[in-house]
Each structure stands twice: as structure tokens, then as C-alpha cells.
Amino acid sequence: MSLVTKSFRAAMLSGGALGALLLALPVAAQDNVSPGATAAGEGEVGNVIVVTGSIRGSLENATETKRAALNVTDVATADSVGRFPDENIAAALARLPGVAVQLDQGQARYIQVRGAPNRWTSVSIDGLPQTGTDEGGGERAFRFDAVPAVLLQQLVVNKSLTPDITAEAITALVDLQTFSPLDDGKAGFSITGDAGYGLMSLGEGPQRQGSLRLSWTNDRIGFAIGGSHYRRNQVTDNREAGYDANGVPIDIDIRNYELTRENNGLFGAFEVRPSADLKLFVNGIFTEFRDREERHAYEIEIGEAAARGTRGLLTGSLDNVSITTNYNDGLYLNQNYIGSAGFDYETPEGGIKAIIGYTRTENTTDLPLIQSSIRSVSVDYDRTADARFPTVRLFRTINTGGVLSRGAELTSVPITEQNLPRTLLIPIIQGVTSDAWSGRLDAWKQLDELKISAGVYATKRDIVGNNIGIGGVVPLAATGFNPNSFATDRPWDTRFPLGVGINYVDTRAMNRELQAALGRAGIDPNRFVLPTSFYDQEERNIAGYAMAQWDAGPLQLVAGVRAEQYDIDNAGTVLTGAVQTPLAVSQDFFDLLPSLNIRYEASDNVVLRLGGQRGVSRPAYAAIRVGASISDTGATIGGGNPFLTPEYTWGVDAAVEYYFSSNGIASISGFHRWVEDVLYQSQQRVGSDLYNSGGIDRSDYLLGSTFNGESGKLYGVEFNIETQFDFLPGALAGLGVQGNLTLLGGDFEARNAAGQLERLAFQGLSDTVLNASVFYEYAGLSLRVAYQKRTDFLDTIGGLGAGEFRQGFENLDVTVRYALTPNITVFADLANLTDETYVAYEGTPATPSEVERIGERYLFGVRFNF
């Protein structure tokens, strides 16, 4: 770590602590202020500024929504989202009980509810189901890193289902509820926003954020427009390694990523209330996640056949080793265009609601990976201090008539000595576009204590694209491209021990020259995408439900059934040698999905809940694709599996909720899911004639793909408490806590390539997920210290880490707010103060396969509300 970075971190942390202390001094002098003055609202109490949108106010709003719900839910309101140092809604949702995040280079991307695979959590926006497409369509899971938190009014995690919401949710349905100007309750013009600027401690790159929302309403007509922007320049320290069957390293991969990541959002809403019973609405949302990645990677090939010397578990000394270099200036892009319109008519006797929507999702990856080689290097490596951080010493290898010896020691990796004949382009290109039209109609009738509801839902989705499939490489020597021309004298930003110096390469200039060289040679990288990676699918889902709600004093019972007809047409290409053959497969499924929820108010403070449900999770687009590559010599097939069936589950939920008389909640909930046909990756016999052609029977070939396993179980218990200690005297009444602990277990059975049953862990299942925060809110001051921890889990990020485990990690964040006036608040967000190291490993932590660190994040700014 550089002296500048150390000084910067010390100054930030010391300044934040000192600032909090100074702000607290005037608060301590105001013990005569009523604790109620800290509730959400605007204006002043005496000389005390009331915090607008306080922690307590948001806690009360979320608690009231949770208590009134008919099913098992957890809720985060827009105010509480804004009070966490979270740049997207995945990180904000992770503060709720039983919710954990999956990270991509330190940034939250997917959520996992109750430790389940992310595909078991579905998403709706204002009640309309949404399906995600990640890189190549490898997941149906919704990408939360594309949606800024500021666009939303409320996040509701439905952990037990009712018939009026989609059953494609084995563990949870997250409903993202957008801002409604008529429901906001503020007449006239309103403007809300924020602006912030800060730094990433590793690399000292800037981060910035800003949002603005303008709304107007007169209780009959309301509109809102707004936008948000978040950007950070990030350096990611990365080390990777591969191992042989004995756990001895075969390569040491030293990497550094320079990232420019952005989250952008635009939204608009127009609402009309012609009468007290009727509301008409039109909404539009655009979200974007943009990630520009500059990769610098040096893979020391200590296990290659030409190397000579000793290669041990912890140390080694080898001559005649090569270093494989990898560079790229690439772009990941995810964009969502979401529009909806409808009406909501409701009277005490009944009502009807209709909504239609269109969603277009575009996900593209363009990684022009330039690979070369540095030859004739000798290396000493040492992993004894910490297996995560091997240190290396490099020397020149001298070959005298076949006799190898060592020359001078190298103080840095010789990045200007890459082998031109071995320089090539690996084009990593993918794109998936999903177009979906959907609509729903709901109606209900109140009959004294009985409420009868029914509705229909329909969607048609077209998915066209390809997963990442490399169909060839491009030798670059003949194009005149020279990778040695882009070295700089700028040393790497790193906190990991190296043992040897490395300077950055100008990857942006390198990519510009690459594109020019390809243009001169008339080479189109798109021609090298594997034909079998493409797919063209159309899915249709028509659903209807009937539901009854019976209110008998303290007892509420909701029961019903949902019927879904799901059809999918699936087209792709099979490659046999050089012969491409188009294939198409269609499937249809009809399901009856009942559910039951019982809510009982045992007292003024206690609510008991019990729920049961049938749920479903459908395979990802890339997993079910027809495309495959056939090897008749090896009797193997690799690709998608168009015969996959959905996963089904029966589930039970129970909860005991105690609501404190003044504010807050303490609760215990448990759940169990019995899962059928669990999806997993393996090799199995084809067992059909789909791939037969030219008189060749391939039904007994081994297919490497995704398969349906046998049955499994997932279970757990959640403990939750949220309250402010307003019974304490004076300024101490501002103290409060929010915390939850989730204990999880589960596994499933599946057959291996030999046909034998094995018991396997669910991907993404941590046995412990913990969130804890202590807050202090009094007068104009608001402080929060938040801590998160999850234990080890089997990885699922992007499908690239299957079979690897992710080591558990923890994060510590501090948030400070101070209201200068009723309308203006300054803030400081200090995130990842543990400077967490994220580790993946094969088998045991003694063989780490990936180690990453991104450093702390510091953001300072102002929020306003007029």
C-alpha cells in the first residue's frame, strides 16, 4: 500500500469520526427534545431540525406494511434504501432478513433469498413479472445492479406466495414498486435529489452519484420525471491459480482490472384520478448498467511440459517457463426499457385493476482478448506466508546447447518482450435481446367477511441471442499488430504482495490499434462466434387464478389456486464437424399451483402466520437451448439441453411477529422447501433421437449440459429485530438497532456421469447470513454503523465458477447524515471499511482459485427535498 493511500485512508476515517463527534455535541445539549421529534416529516420543533425521511420513519412505514400483509413478507421503503451506502437495489435488499448478495468484483449483482440459488427468486415491477438475461442468457435471474435504488418507492420481498402473484418463485418474489406522485401525498411541486462525490481507496479513482426527481400533483392529476447516475472508477486486485489432482499449483495468474462502472436511470409517471375510486396511470423506466473493463493479466505457466525444476505445494523453482499475457479493453452492457399503462378502480364493495406492459432487455458483451506469450523465464514462487498471495521472483533462462541455467534477475515483468508469432485475438462476443409483452386483469368482490378475487395474466417473450461460445481465434502477426508497443511506466495499483514489479499497459490504445489492424486485414471478429451458441426462443405463459380471503376478527385466511399454461418454441444449430444442422424443439407445461396463507392476531402486539404453496422455477434460456457440438470420434455432445423441465417445490412458512407498542418488531420465522427436478451441471446419456443424422444413432452419446436431478430440500430459520429505544431518557432515546440472523441448510440428489446418485449442495447456499446495524438519530443528526456477514457457499456468478466455493465475507459500512435545514441534508457514506478480500477456492481454502480486493469506498454529498 502506498504512503499516499495510507494517509488518505487514515484522514478519511479520522475525519469521519471527528466529524461525527462534533456533530453529536450540539445534540447532547438538547436533552429536552421529545423523541417523537425524530419521526419522519418536515419542519422544526422549537430550535430542533427534524430529519426528513428519518430512519425511524422508514422503519415504521416498513413495519406497518409488513404487519398488514396477508403473507410472509419483508419490506424496505425508499427512505431506508436512501439511508444505506448502496449504489443499487441488490445491496439495499441485502439488509433484509435472509437476503444475501452475489458480488461481481465487489459490486452486488444478484440476490439470494434464504440461501437459495438466485434463479429461485423472481422479480416484478408494479406487479408485472420481469425475467432477467445476464451474459449469454445463462440465468433467468433478474440483474439488480442495473436498477438504481432512487427510482423506487418500496421494495417488497414476498417469501410466501398468494395466487394473485406469479408462482415462478420458489423462495421469494421481489416486487419493485415505483414512485407514484398521487400516492406520495404532497400537493403542488416537489423536487428531490442528491449529489455526491468521493473516492475508491484502491487506485484512488473517483466515484460520483446524482439523482433528481421532479413531481407535481393536485390530488387529481400527478406527474413525475426523474433520473439518476452513479459512476465509479475502480481498481480490482486479482490473483487466480489452477491446480493438479494433488493440489499443487500449475499456474499463477496475476491480474489487475481497471473498471469504469455506471448505473444510469430515467423514469416518468403520469397519473389521473377522475374520481375517488378510479386512477389511470402510465409509467416508463430506462435503466442501464455499463462496465468498461481493462484487463491486465500475466499467467505464469509453472506446470507446462517444457518447464524444468521443482514444483511443490508451497514453493517451487523452475526454468524455461512461459508467461501467458492477456489484455482487453472490453464492455459489458445491460439495458432495460420498461413501459406500462393501466387503471385501478376500487370501491368498498369491489374493484378491478388492469395493466399492460412492454419490457425490452438488451445484454451485450464485447471482450476483444489479446493473448501473447513471454518466453524463456525462470521463476521461484513462495506460498508459505499465505496461499492466497504467492510471491514470485523472475530470472532470465539461458539455454546453452540444451543446458538450462539462470541469468540476471528481472525486477519487473518484461512486458515489451512478448512473442509476436504467438500473439492472437480471442473474440469473446455475446448478445441477448428479450422482448416481452405482458398484461394482467384482476377483479375482486367484497361479500361481508369474504373477499372473492380472480384474474388472468398473459405474456409473450421473444429471446434471441447467444451465450459466450468461442469458435476460433485470430492470429495477429500477419496484421502488423505489435503488443509490445503499448507499455507505460505507470506501476500497478495493488495491495497484494507480488515480489516483482509490473507496469500498466495502455489497453485503450491497444484496442484502438487492434480494431484498425483488423479493419486493414478485413477481419470481422463476429465470424468467430461458435454457431452452436446461438438460439432463438419464444415463450408464452397464460395464467389464471381464483382466490378467497376470509376475515373473521383477528383471523384472516387466504386460499386459492393458480393455473399456468407455459409453452416454449426453441430453435438453434447443431454442429457436427463442419456441418451445421438447424434443429427445433417445442415444449409445453400445464400446472396447478395452490397456496394457503393464515394470519392470526393473537394480541395487540403478536401476529402469527402460516403458509403453504406450490412453486416453479423454469430453466435459463442458454441452458435449454438446442445448440450443441457433436464429436462422433469421442461419442460426446456439448451444449444446451432442450429437454429440461422446470423445478417444482412444495413449501411451508411459519412466523411469529411481536410488534413493540411504540415502534419496531421482533420476529422468528421458519421455512421448508421440498424441491423436485433440481437443475445441475453434469454428463449423461442423451436418451433420445434428437441428434441422430446421417444414419448415425447418437442416443447413447454423453451429453455435457444442464440436467434435472432428483429431489432436494431447503430449510431455515430467521431471527429479526428492528426498534428505536425511545423509552430511554433524553438524547439516549435516539439509539436503535436493526438486525437479523438466518440459519440455513439443505441439499439435493442427482446422478453423476456413471449414473450413481450423489448428494450435492445447492449453489449459493450459505449456512449463516447475518445483518446487524446500530443507529443513532436525534434532532438533525443521523448515524448508522451496519455490518454484514455470510459464510462459505458454492458459487454461481455468471456460470463461470461452477464447482468453486466462495469463502464467506463480511462488510462494515458507516453512514452519517446531518440536516442543515428541514430541506437540506449533508451526508457521508463510508463503505467496505473492512477492506474485504473475496476468495474462491477449489475443494478447500488451501487451494484458492481466485482472490479479489477492491478497497474501501468514500462518498460525501448533499440531499435536498423541496
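How many of the residues of strand E6 are buried? In this predicted model, 5 of its 5 residues are buried, and E6 is mostly covered. Buried stands for under 20% relative accessible area, exposed for over 50%, and partly exposed for values in between, with a 1.4 Å probe and protein chains only. Strands (E, at least two residues) and helices (H or I, at least four) are DSSP runs numbered from the N terminus.

Residues are numbered from 1 along each chain as its sequence is written. Local features need pLDDT of at least 70 and side-chain atom pairs pLDDT 80 or more, while totals for chains, interfaces and linings use all residues; side-chain values use heavy atoms, without hydrogens or water.

Both faces of E6 are covered. Thr 121, Val 123 and Ile 125 are buried on one side. Ser 122 and Ser 124 are buried on the other. E6 spans residues 121–125 and belongs to an open sheet. That sheet has 5 strands in the order E3-E8-E9-E6-E7, and its pairing is mixed. Two strands pair if DSSP finds at least two bridges between them. The edge strands are E3 (73–77) and E7 (128–130), each of which pairs on one side only. From one strand to the next, the twist averages 25 degrees.

Helix H2 (residues 55–68) packs on this sheet. H2 touches E3 and strand E8 (152–158), contact being heavy atoms within 4.5 Å. The direction of H2 makes about 150 degrees with that of E3. Axes are lines fitted to C-alpha atoms, for helices over the stretch in contact, and angles run from 0 to 180 degrees between N-to-C directions.

E6 pairs with E9 (residues 172–178) in the parallel sense, over 5 bridges. Here Thr 121 has Ala 172 of E9 as its bridge partner. E6 and E7 pair in the antiparallel sense, over 3 bridges. Val 123 stands opposite Gln 130 in E7. E6 and E7 form a hairpin with 2 residues between them. Asp 126, in the turn, has a positive phi of about 55 degrees.

Charged contacts were examined next. Side chains of opposite charge can pair when their charged atoms come close. The structure holds 50 salt bridges, each defined as a side-chain nitrogen of Lys or Arg within 4 Å of a carboxyl oxygen of Asp or Glu. One of them joins Arg 273 to Asp 183, with the closest N and O atoms 3.6 Å apart. Arg 273 lies in strand E13 (residues 249–275) and Asp 183 in helix H5 (residues 181–184), so the pair ties together parts that are 90 residues apart in sequence. Arg 273 is partly exposed, at 22% relative accessibility. Asp 183 is also partly exposed, at 46%.

Arg 360 takes part in a salt bridge with Glu 362, with the closest N and O atoms 2.6 Å apart. The side chain of Arg 360 also meets that of Asp 435 in a salt bridge (2.7 Å, N to O). Asp 435 lies in strand E20 (residues 424–447) and Arg 360 in strand E17 (residues 350–382), so this pair ties together parts that are 75 residues apart in sequence. Arg 360 counts as partly exposed because its relative accessibility is 25%. Glu 362 is partly exposed at 22%. Elsewhere, salt bridges that share partners join Lys 66, Asp 74, Arg 114, Lys 159, Arg 609, Asp 653, Glu 657, Arg 673 and Glu 718 into one network.

Two further buried residues were traced. Ser 595 is found in strand E27 (residues 579–601). Its relative accessibility is 9%, so Ser 595 counts as buried. Beyond residues up to four places away in sequence, Ser 595 touches Leu 161, Thr 162, Pro 163, Val 558, Ala 559, Gly 560, Gly 612 and Gln 613. Phe 395 is found in strand E18 (residues 391–400). Phe 395 is buried at 10% relative accessibility. With the sequence neighbours up to four places away left out, the contacts of Phe 395 include Ser 376, Val 377, Arg 406 and Leu 410. The C-alpha atoms of Phe 395 and Gly 188 are separated by 73 Å, and these residues are 207 apart along the chain.
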